Amino acid sequence: MEINSTNPKEDLQAIREIMERSSKFLSLSGLSGIFAGVCALIGAAVAWFVVLGSGNVHYDEYYCSVGATPFNQVSIILGIDAIIVLIAAFLGAYYFSSKKAKKSGQKLWTSSTRRLLGHLFIPLVSGGIFVLILAFRNNIDLIASAMLIFYGLSLVNAGKFTLGEIHYLGLTEIVLGVLAGIFILYGLLFWVIGFGVMHIVYGIVMYYRYER
Amino acid sequence: MKNPISNLQKVFESRIRLGIMSALMVNDTLDFNALKDLLELTDGNLASHLKALEQQEIIVVSKQFIGRKPCTTYRATNLGKDLFRQHLAALEELIGNQ
């Protein structure tokens with residue numbers, strides 16, 4: 001770092017760069033978005049082809065017919081499927097972001113990282129608990145919608161502290177969540193678009209913008 | 001026309017002080033280590049610039065203990081923020097005049 005500043009243009013650039021770096025988590029990698037999307041697609045494919053028998057057992061009809069027993073075998077397998085997808089996506093986000101941080105010579109665990117995670121997890125954990133409540137109360141048909149809406153809110157909340165695209169990804173997820181609530185028979189389809197396709201699309205955009 | 005250079009603050013002439021202030025404009029408080037990592041400075045170098053800013057009442061220092069570890073945090077004062085804004089405006093005006 002230069003000791004004395006002589007060029008006002010360079011000064012302003014340095015100021016802007018430090019302001020951004022000190023307040024935002026910029027190590028988020030587009031590759032982690034692509035990876036999370038692929039995990040979601042695989043998870044959804046497992047749910048559709050293996051657990052729900054290629055749609056022979058319809059997502060909603062099935063659950064309507066399940067009725068009184070909340071935790072039958074299929075819900076448990078779907079729950080495990082979802083948890084594996086979630087863990088894989090988070091590990092991917094951690095792996096690709098630490099790689100990006102290393103490449104640009106920055107630390108991964110900074111005060112901006114903690115702030116980002118704090119703002120992400122408050123709505124996300126509330127949403128997770130709400131989804132569990134829905135599952136226990138047999139309102140399975142609303143789960144896809146609730147997951148998308150709460151995830152979208154988490155991203156909008158956290159978007160201020162990281163790359164700007166996250167804010168728009170959040171808004172997209174909220175819209176998809178509302179649509180999933182209206183067109184309730186297509187919940188799984190909207191889930192696939194929101195968690196699979198949109199992660200991949202935004203991941204590619206972020207990768208091309210910041211990492212090439 | 002008023003000369004914009006008169007609004008440039010002497011205290012921000014050093015790039016390091018400019019950096020410290022930039023970080024404290026967008027963060028309510030930052031601790032010593034966060035500033036150190038951000039600006040990639042040695043302890044002594046950062047400490048001497050922080051001291052200078054503190055003496056001019058541009059930043060305030062507060063010391064607490066987290067468990068047994070001392071933790072020193074820094075915050076920009078209102079005076080410091082005003083001076084920094086003036087300095088920014090002067091820099092922008094200089095670029096506009098070039």
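Me: Which helix of chain A does A:Ser112 lie in?
Reply: A:Ser112 lies in helix H5 of chain A, residues 111-136. Helices here are DSSP runs of H or I with at least four residues, strands are runs of E with at least two, and both are numbered from the N terminus. This is a predicted model, where local features need pLDDT of at least 70 and side-chain atom pairs count only at pLDDT 80 or more, while totals for chains, interfaces and linings use all residues. Residues are numbered from 1 along each chain as its sequence is written, chains are lettered from A and ligands numbered from 1 in the order in which they are written, and side-chain values use heavy atoms, with hydrogens and water left out.

Me: Is A:Ser112 buried or exposed?
Reply: A:Ser112 is buried, because its relative accessible area is 4%. Buried means under 20% relative accessible area, exposed means over 50%, and partly exposed is in between, with a 1.4 Å probe and protein chains only.

Me: Ok, next one. Where is A:Phe195?
Reply: A:Phe195 is in helix H8 of chain A, residues 187-210. Its relative accessible area is 10%, so A:Phe195 is buried.

Me: Which residues is A:Phe195 in contact with, leaving aside neighbours within four places in sequence?
Reply: They are A:Ala36, A:Gly37, A:Ala40, A:Met147, A:Leu148, A:Tyr151 and A:Glu173. As for A:Ala44, it is 151 residues from A:Phe195 in sequence and 9.5 Å from it in space, C-alpha to C-alpha.

Me: And which helix has A:Gly33?
Reply: A:Gly33 lies in helix H2 of chain A, residues 30-51. A:Gly33 counts as buried because its relative accessibility is 15%. Apart from neighbours within four places in sequence, A:Gly33 is in contact with A:His199, A:Ile200 and A:Gly203.

Me: How many Å apart in space are A:Gly33 and A:Phe49?
Reply: They are 24 Å apart, C-alpha to C-alpha, and 16 residues apart in sequence.

Me: Switching to chain B. How many helices and strands?
Reply: Chain B has four helices and three strands. Along the sequence they follow the pattern α-β-α-α-β-β-α.

Me: What do the strands form?
Reply: The three strands of chain B form an open sheet in the order S1-S3-S2, with antiparallel pairing. At the edges are strand S1 (30-31) and strand S2 (59-66) of chain B, and each pairs on one side only. Two strands pair if DSSP finds at least two bridges between them.

Me: How many bridges join S2 to S3 in chain B?
Reply: Eight bridges join S2(B) to strand S3, residues 69-76 of chain B, and the two run antiparallel. B:Lys63 stands opposite B:Thr72 in S3(B). In general, strands of a sheet pair through backbone hydrogen bonds, either parallel or antiparallel.

Me: What packs on that sheet?
Reply: Helix H1 of chain B, residues 15-26, packs on it and touches S1, S2 and S3 of chain B. The direction of H1 makes about 85° with that of S3(B). Axes are lines fitted to C-alpha atoms, for helices over the stretch in contact, and angles run from 0 to 180 degrees between N-to-C directions.

Me: How many residues are between S2 and S3 in the hairpin of chain B?
Reply: Two residues are between S2(B) and S3(B), and B:Gly67 in the turn has a positive phi of about 65°.

Me: Which residue in chain B has a positive phi near 55° without being a glycine?
Reply: That is B:Glu40. B:Glu40 is in the loop between helix H2 (32-39) and helix H3 (43-55) of chain B, and it counts as exposed because its relative accessibility is 61%. B:Glu57 is not a glycine either, and has a positive phi of about 60°. B:Glu57 lies in the loop between H3 and S2 of chain B. With a relative accessible area of 53%, B:Glu57 is exposed. Most residues other than glycine have a negative phi.

Me: What percentage of chain B counts as buried?
Reply: Of its 98 residues, 42% count as buried.

How values were computed
Contact = heavy atoms within 4.5 Å.
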